[in-house]
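Please read the following points alongside the sequence and the structure.

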Amino acid sequence: MRLELGIDVSSSTWRAIASIDRKGVERSVTSYLSSLIDAMCLPIEASIRFAAVDDIPPNMFRVKIERDRFRVSPETGGPPPLQSDTTEDLAVQIGRALFRAREALITDAVVDAVWKQWRQAVLVPGRRHRRWLIVQCVRYGWPLDEIGKTLNQRSLSVDSDASARKLWFELLRGRGPGRIGLRVSKQRMESIRSPNRADDDRFEANLSLLGDGLYDLLGIRIGFRGPEESWELDDNHFQVTLNALPFPPCRCLDEGEILVNEAADILAAHGYKARSVRAPRGSNTFAAVHETPDLIRWLTRHHRTRWSEVGDIALSMVDAARAEAGAFLTPDVLLYSLEGLDLVLPKLAATARNRIGEAELAALLQDLLRDGIGIRDQQTILTALTGTSVAPSVDVFSDLSRSFSFGDLPLDMSLGVTLHQARLGLVRKFLAPQIGNRQRRFGESTLECLLLARDVEVKLAGREPNAVRRAANARRFLSGVRKTLATCRPVADSPLAVLTTREAYLSARALLRLEFPRLAVMTYATVGVGIEDIKPLARVELGENVF
């Protein structure tokens, strides 16, 4: 099955890289896409077509997968200026965009082809649930052929969303926790494993330290694997993997370079030659610079953190784990967690199993992790769920709507809110202090945010039956967000959120996830204790209907 992807870049960017190695970008992106498709075991032969267009702002690009189109900016606030390493950097950015958008590869034709291989039409008769199961595999990095073999050993039929989640839970049971892996070129493997490294600069020490920080933030232990030597990678490169899925290969720091949490132009102003690093580093600005005694003194004096090449690789692995945290909440991890809860809160754990069910609970925790919300406070999460979990009825939604009381409209069942979504919203309300505090700068009680215009919220919350108008509304919303971010100037490195109603939250989060993965979306109900003031930087209006 053939699938063509179109990748458009701005004319200025294309001209800037034309003199370097335009074909190199095409080869790198095509090679990475092929490896990603092979890892997912998709029956697809994909090709890529590059083009330069005039309707894209500088330093941005647009990816088109059949009829679905989305535009991705390397950085929410705009990327650094083009430099000599633009060719490789652009290929890595496009590769990351393809990784984030891998679910869009699951077209109707792909669903039918995969299910024909699985030969389980009786178990899952509807295409919607078939697509959901395939998307789950692609989302969390489990090869389709392995899941297909396990599916052939099951007899649980799917006739609802709840039964689909239960089947997925059973398919993953016994597979252990999800893992972040690392492949390194032979040249860098020797450097990483060098016995001359200080104890605190060894790979395992860096990974353990950063992993502990990730646990404090998200409340889940990440399984790390590697490093493994790879002959397929170019010299001085490494590649992070999520279970079976590869991230785009990245260049290591050059010999003698260190990573610094400071902008390259600021370092250059003080006489230090540096290059910007566009790798996803939270909301911070990073640069690579050659290490000198004078630079170390300057960094110490200005309280800047530095990492060696080993720390840079470990930081990339943790960044990948944080971005895909939902992949690590497997059935085995959940069951182990509930067993621990049995020892201290046996009644709560038993009630959660009986009222919510293990499969539904796993799906809720995965959705929280995908939104970057920590699940360490499981007592609060289970208390919220067990207090409102009864058989689906009108009274359930009435009770849940009273739980959302922070100035929002009553929960309307005509919006298509499912019981799963209502439970998720209720948990977010109970975790409001945690969610709100994450979005404010350290030591301050002000939340900087973007608000949505009323007509934007109405269109996002409504159920537009016409697919053409629905797609047009989505494009106008994203166009308005781009325009707003281009004009407002938030404080550098400060968290930024979109604040909206709970009815518009689901649509807003789904649309912003691809293009602005670091732009948090919050409801008014999740503005928690500790935030004394909301500072709107701008209001997002509907923009033009453009791709």
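1. A residue is called buried under 20% relative accessible area, exposed over 50%, and partly exposed in between. The model discussed here is predicted. With a relative accessible area of 26%, cysteine 41 is partly exposed. Cysteine 252, by contrast, has a relative accessibility of 1% and counts as buried.

2. How many disulfides does a search of the whole structure find? The search finds 0. A disulfide is a covalent bond between the sulfur atoms of two cysteines. For cysteine 41, the closest cysteine sulfur belongs to cysteine 137 and lies 9.8 Å away, which is too far for a bond. Cysteine 252 is likewise in no disulfide, as the nearest cysteine sulfur, in cysteine 250, is 8.8 Å from its own.

3. Helix H5 spans residues 144–151, and its buried residues are Leu144, Ile147, Gly148, Thr150 and Leu151. Viewed down the axis of H5, these buried residues fall within an arc of 165 degrees, so they line one face of the helix. An α-helix has 3.6 residues a turn, so residues three or four places apart point the same way.

4. Four strands form an open sheet with antiparallel pairing, in the order S11-S12-S10-S13. Strand S11 (274–277) and strand S13 (306–307) are the edge strands, each pairing on one side only.

5. Within this sheet, strand S10 (residues 257–260) pairs with S13 in the antiparallel sense over 2 bridges. Leucine 259 stands opposite tryptophan 307 of S13. Helix H10 (residues 293–301) lies across S10, S12 (286–290) and S13, and runs at about 10 degrees to S10.

Note on methods: Residues are numbered from 1 along each chain as its sequence is written. This is a predicted model: local features need pLDDT of at least 70, side-chain atom pairs count only at pLDDT 80 or more; totals for chains, interfaces and linings use all residues. Side-chain values use heavy atoms; hydrogens and water are left out. Buried means under 20% relative accessible area, exposed over 50%, partly exposed in between (1.4 Å probe, protein chains only). The arc is that of the directions from the helix axis to the C-beta atoms. Two strands pair if DSSP finds at least two bridges between them. Contact means heavy atoms within 4.5 Å. Axes are lines fitted to C-alpha atoms, for helices over the stretch in contact, and angles run from 0 to 180 degrees between N-to-C directions. A disulfide is a pair of cysteine sulfur atoms within 2.5 Å.
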